[in-house]
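Dear colleague,

I am handing over the structure below, with the sequence alongside. Please look through both before reading the notes that follow.

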Amino acid sequence: MKAREIFGLACSYISEQPSESGELAELAPAWLDVLAAEVLPYENALRRYRGQAELEKAPRVEELEAEIAYSAELCVPAMVYGLAAQLLLDDENDARAQDFRNYYVVALRECLRAHEERTADLY
């Protein structure tokens with residue numbers, strides 16, 4: 001998913017038009033870069049669950065046209081909520097920012113999957 005798509009969805013949560021966001025659009029790639037690093041362990045957990053190769057490092061987000069090669073369920077809603085929280089902090093709306101930060105954390109946890117592992121009886 002492109003960073004611009006995540007930014008557009010996050011803007012919709014805060015009633016902001018992406019085309020009229022000015023400074024927020026300039027800051028969004030840096031915020032998404034941090035979110036990509038935070039989300040990496042969850043992406044790798046999903047990849048382990050699916051039997052796919054894990055990523056060694058998070059994708060860099062240096063512009064809104066950057067592709068974020070994460071699972072769809074991590075990009076939407078998790079990264080959208082995380083970016084919306086940052087946008088609201090910039091707007092000095094701490095209460096709503098905290099709500100969206102909580103949504104972000106819950107969305108990340110909902111992406112975790114259990115996987116089978118062999119166990120040994122030690123008794």
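**What was found**

Helix 2 is followed by Gly-51, whose phi is positive, near 75°. Helices and strands here are DSSP runs numbered from the N terminus, with helices (H or I) having at least four residues and strands (E) at least two. Please bear in mind that this is a predicted model, in which local features need pLDDT of at least 70 and side-chain atom pairs count only at pLDDT 80 or more, while totals for chains, interfaces and linings use all residues. Residues are numbered from 1 along each chain as its sequence is written, and side-chain values use heavy atoms, with hydrogens and water left out.

To begin with the whole, the protein chain has 4 helices and 0 strands, and its C-alpha trace spans about 65 × 30 × 15 Å along the principal axes. Of the 123 residues in the protein chain, 40% are buried (under 20% relative accessible area, where exposed means over 50% and partly exposed lies in between, with a 1.4 Å probe and protein chains only). If one takes the contacts (heavy atoms within 4.5 Å) between residues at least 6 apart in sequence, 66% of them join residues at least 24 apart.

Helix 2 has 28 residues and should span 40 Å at 1.5 Å a residue, which agrees with the 39 Å between its end C-alpha atoms; the expected span is 1.5 Å times one less than the number of residues. Glu-26, which has its place in helix 2, is exposed, with a relative accessible area of 65%.

In the loop between helix 2 and helix 3 one finds Ser-71, which counts as buried because its relative accessibility is 8%. Leaving aside residues up to four places away in sequence, Ser-71 touches Glu-43, Leu-46 and Arg-50.

Helix 3, with 19 residues, reaches 26 Å from its first C-alpha to its last, close to the 27 Å expected, and bends by about 30° at Ala-78.

How do helix 2 and helix 3 pack, and at what angle? Helix 2 (residues 23-50) and helix 3 (residues 72-90) pack at an angle of about 145°, with their axes 9 Å apart; axes are lines fitted to C-alpha atoms, for helices over the stretch in contact, and angles run from 0 to 180 degrees between N-to-C directions.

Two further backbone values deserve a look. Most residues other than glycine have a negative phi, and most peptide bonds are trans. Ser-15, in the loop between helix 1 and helix 2, has a positive phi near 55°, and Ser-15 is exposed, with a relative accessible area of 71%. Just after helix 3, Glu-92 likewise takes a positive phi, of about 60°.

Technical notes: The bend at a residue is the angle between axes fitted to the seven residues ending there and the seven starting there.
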